[in-house]
Amino acid sequence: MTMATEYLTVEARERLAALHGRRCGVVGLGREGIDLATFLARHGATIVISDHASQESLTPALARLSGLDVTIRIGEQHGADLLDCDEIFVSPGVPRELPVVADPAAAGIPISSATRLYFELCPGPIAGITGSSGKTTTTSMVGAIAWTAGLHAVVGGNIGVPMLARLDEVTPDTWSVLELSSFQLADMDRSPHVGAVLNITPNHLDRHPDMADYTRAKGNLVLRQRPDDTAVLNADDPLSAGLPHGSRTLRFSLQQAVDGAWLEHGQLLLGNPTRSVLLRDEVPLRGIHNVANALAAMCIASAMDCPDQAMASALRSFRPVPHRLEVVATIAGVTYVDDSIATSPERSMAALRAIDEPIVLIAGGRDKHLPMHDWGELIGSQARAVVTVGEAASLIERVLADTGFARPVVRASAFAQTVPLARELAQAGDVVLLSPGCTSFDEFRDFEARGEAFRAAVHALQEDS
């Protein structure tokens, strides 16, 4: 079964038809890789799967491809693995420098991605959202506003929902609201009708060679916009505010009135003409950074022609996305908060600023080669104790020592020990905050698995109390 083509442009129809009989390599068999391989096979392509993981670990993924015309090359990856392909699609988490990608590229084989293919085929307008932090929350807010406004909208992308399988739902009147990472944007050659860059702070420098390359990738979201498109940029963030683009600009700010949305005297305002959409106290999420996310969502929704009432209603009733300052439980007067999404020091700093109570911080994981000194200073002013864990534990401990942190620092030998150790350090009225400042990949497949482990450990405490 193939997707309906009556809504597709001539260019999109030609692209879709060209997949038939094409030998396509798919590098990386995560959620997006499975969605991509299924879509390509559905449209007549012959698929070659390449993944470095073992057969055992990929068994559930491979089961979902049962019955498709797929060649499996897993375990070790080599530069010659995909040289027999006509085109190669690379998952966002796969470095383009790996021989399995770099060697075919050097041989002239086209390199693409599921995101690029979606942009090429999508018949409706796209609102793309990126940033070093706040992407998922803002994307979810925009989706909620669009649905409240009665728009037909699909929400997905880096938020964890692959999109190619959903193309059948998309008409020229359907908005695709997509969270997009720097990896997905790095080689994009198209920009969406609405593109929002929430902020650009140091992140993923274990994959990007420097901040200039990371900023360039983020900037790709708006770089190729046309005059009738809209760029939504953060007026308070110099790197976001200065991105080159040729479209209409809406800005959002916590500090000043702008052409867009801003915070003033406890109100979230929208301009032209200026009106109050909702009160600061009506945003049901912790932290000033979530007010900025709401302002960005208002700008994006405005560019999508959503009415103010839909914005206010959706934002007032919005609830935290899992693993983002999510309250798991309060036990013996101690509140346990899951902020596993904080995979960088900057994101952990936002969480620390969002909590007024004394904090026992759980920090650590795999280092992303990001600066930690400011994080260490803020931990010193906000936390009564720290539990470190993972490959970065000793690095975090050195940073805390360098900043003069004189309160308890306890190292867990494994993540499973972190919650019991934090419980021993916490007092009634405290918050035990999982906001690791590092990736989860030393012990978990992703930040969501780490958050679920935290949740399970907290619930185990509840049962024992």
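Two strands are taken to pair if DSSP finds at least two bridges between them. Helices (H or I, at least four residues) and strands (E, at least two) are DSSP runs, numbered from the N terminus. The model is a predicted one, in which local features need pLDDT of at least 70 and side-chain atom pairs count only at pLDDT 80 or more, while totals for chains, interfaces and linings use all residues. Residues are numbered from 1 along each chain as its sequence is written, and side-chain values use heavy atoms, with hydrogens and water left out.

On this basis, strand β18 (residues 383-389) pairs with β19 in the parallel sense, over three bridges. Within this pairing, valine 387 stands opposite valine 410 of β19. Both strands belong to an open sheet of six strands with mixed pairing, in the order β15-β16-β20-β17-β18-β19. Its edge strands, β15 and β19, each pair on one side only. From one strand to the next, the twist averages 20°; axes are lines fitted to C-alpha atoms, for helices over the stretch in contact, and angles run from 0 to 180 degrees between N-to-C directions.

Helix α13 (residues 373-382) lies across β17 and β18 and runs at about 130° to β18. Helix α16 packs on the sheet and touches β15, β16, β17 and β20, its direction making about 20° with that of β15. The expected span of a helix is 1.5 Å times one less than its number of residues. For the 18 residues of α16 this gives 26 Å, which agrees with the 26 Å between its end C-alpha atoms. Residues count as buried under 20% relative accessible area, as exposed over 50%, and as partly exposed in between (1.4 Å probe, protein chains only). The buried residues of α16 include Phe447, Arg450, Phe454, Arg455, Val458 and Leu461. Among the elements that cover the buried residues of this helix are β15, β16 (334-338), β17 (359-364), α15 and β20.

Aromatic rings were also examined. Rings of Phe, Tyr and Trp (its six-membered ring) pair if their centres lie within 6.5 Å; planes under 30 degrees apart count as stacked, over 60 as edge-to-face and the rest as tilted. The count by this rule comes to one aromatic pair. It is formed by phenylalanine 415 and phenylalanine 444 in an edge-to-face arrangement, with 5.2 Å centre to centre and 90° between the planes. The two residues are 29 apart and the pair links distant parts of the chain: phenylalanine 415 is in the loop between β19 (409-411) and α15 (418-425), and phenylalanine 444 is in the loop between β20 (431-434) and α16 (447-464). Both phenylalanine 415 and phenylalanine 444 are buried.

A second open sheet has five strands in the order β3-β2-β1-β4-β5, with parallel pairing. β3 (70-74) and β5 (111-112) are at its edges with a single partner strand each, so one side of each has no neighbour in the sheet. Strands β1 (residues 23-27) and β2 (residues 46-51) run parallel and are joined by five bridges; arginine 23 stands opposite threonine 46 in β2. Helix α2 (residues 31-42) lies across β1, β2 and β4 (87-90), at about 170° to β1.

A nonpolar core is a set of buried Ala, Val, Leu, Ile, Met, Phe, Trp, Tyr and Cys residues joined through side-chain atoms within 4.5 Å. The largest such core has 48 residues, and Leu40, Ile47 and Tyr118 have the most contacts inside it. Helix α2 contributes the largest share of this core, six residues. Another core, of 45 residues, lies apart from it and includes Phe252, Ala294, Met311 and Ala312. Leaving out residues up to four places away in sequence, tyrosine 118 touches Ile126, Val154, Met163, Leu164, Leu167, Val170, Ser176 and Leu178.

Several backbone features lie in loops. Most residues other than glycine have a negative phi, and most peptide bonds are trans. Asparagine 272 and proline 273 are joined by a cis peptide bond, with omega about -10°; proline 273 is in the loop between β13 (267-270) and β14 (275-279). Histidine 265, not a glycine, has a positive phi of about 50° and is exposed, with a relative accessible area of 75%. Leucine 325 also has a positive phi, near 50°, but is buried, with a relative accessible area of 7%.

Definitions and conventions:
Contact = heavy atoms within 4.5 Å.
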